[in-house]
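Hi everyone, thanks for making time this morning. Let me put the structure up, and then we can walk through it together.

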Number of protein chains: 2
Amino acid sequence: MKHIKGELEQKGIKPTYQRLCILEYLHAHLVHPTVEGIYDELVDRVPTMSKTTVYNTLRLFSEKDVINEIRITGTEVRYDINCQSHHHFLCKKCGKIYDVDVTCPFANMEHKEVSGHEIQEVHGYFKGICKECLTKQNNEQKGR
Amino acid sequence: MKHIKGELEQKGIKPTYQRLCILEYLHAHLVHPTVEGIYDELVDRVPTMSKTTVYNTLRLFSEKDVINEIRITGTEVRYDINCQSHHHFLCKKCGKIYDVDVTCPFANMEHKEVSGHEIQEVHGYFKGICKECLTKQNNEQKGR
DNA sequence: TTTCATGTTTGTAATCATTACAAATTAAAT
DNA sequence: ATTTAATTTGTAATGATTACAAACATGAAA
């Protein structure tokens, strides 16, 4: 929990207890959790934790570039602490979001502008059917 | 309004009056309008138009691949009828969404899969400061 | 024309993630 | 110890979207 504290201080964020808990959770759960999911888990360990604090903290982390917001599903924001630039894949069937590595000339910030606009963030994602759901489909067909 | 009717029939959508109005509006306003924006404009011409109809119609169009949903801003869905695959740029200052052409090996569906997942949709967007807002910034600095 | 069935439109009410806000609590500084 | 500022917390408000059921239109069959 030491290096996590340093991570916040580096970015100019006062490392309070709830902030450390949330950051630790994010590091341990790289499955792009929701606010609801983070809160539900943490409130067991830290009974005083409030959902507003989770919202506040995630906004702060996002502003200070500790995490990234992922807006794909349409219903709620997901959060991602994986710092390496990468894209995402949302399965339309099971709803899981995968990290995918893609050789994209924009992902690694080679370009700083498009059509004269200054790029600050790059977001790329795919929608479709994930590997797991595909094999499930195939097995069902064979079974018939 | 004839070819617009054909466009719907081709995709297996019964071309009702309100659907034609909405489709026509989308063709005439390529600035990625919101449900609110579409409704406000149309209700003047078609006083019986209901917001629910706009929602229903846009969902139908989206399902039948007449339009695409754009989820960037975080507050509301924007709609796009530009069929050529392209990416988007959201200006953090003025909130405008631009179309940008980008040589992306995924945008034109060269690849049908990543990491074993079947790709059905490709979404790419940038956030930053747009050309217009950049020059405005510069002019203000000079004026000082 | 009338009847019936189906699909479409409409308005209202409900949902649900997120934000606003102010009181309570904690930490830091003098 | 006292004051000040920052953080946390719970509740209430917001706002986009969806659920639902009644009203309406359409077109086929009798």
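Before anything else, a word on terms: a residue counts as near a strand if its C-beta atom, placed from the backbone, lies within 6 Å of it. And please keep in mind that this is a predicted model.

Let's start with DNA strand C. On that cut-off, 17 residues surround DNA strand C. The closest are A:V77, B:T16, B:T48, B:S50 and B:T53. So which helix gives the largest share of the surface near DNA strand C? That is α4(B), with 4 residues. At least two residues each come from α4 of chain A and from α2 (17-28) and α4 of chain B. By class, the surface near DNA strand C has 4 nonpolar, 10 polar and 3 charged residues.

Now over to DNA strand D, which has 18 residues around it. Here the closest are A:T16, A:T48, A:S50, A:T53 and B:V77. The helix that gives the most is α4(A), again with 4 residues. Helices α2 (17-28) and α4 (51-63) of chain A, along with α4 (51-63) of chain B, each supply at least two residues. The surface near DNA strand D divides into 4 nonpolar, 10 polar and 4 charged residues.

Is α5(B) buried or in the open? The number of buried residues among its 13 is 0, so α5(B) lies largely in the open.

That's my tour, and I'm happy to go back to any part of it.

Terms used:
Residues numbered from 1 in each chain as written. Chains lettered and ligands numbered in written order. Predicted model: local features only at pLDDT ≥ 70, side-chain atom pairs only at ≥ 80, totals over all residues. Buried ≥ 20, exposed ≤ 12 C-beta atoms within 10 Å, placed from the backbone. Nonpolar A, V, L, I, M, F, W, Y, C, P; charged D, E, K, R; others polar.
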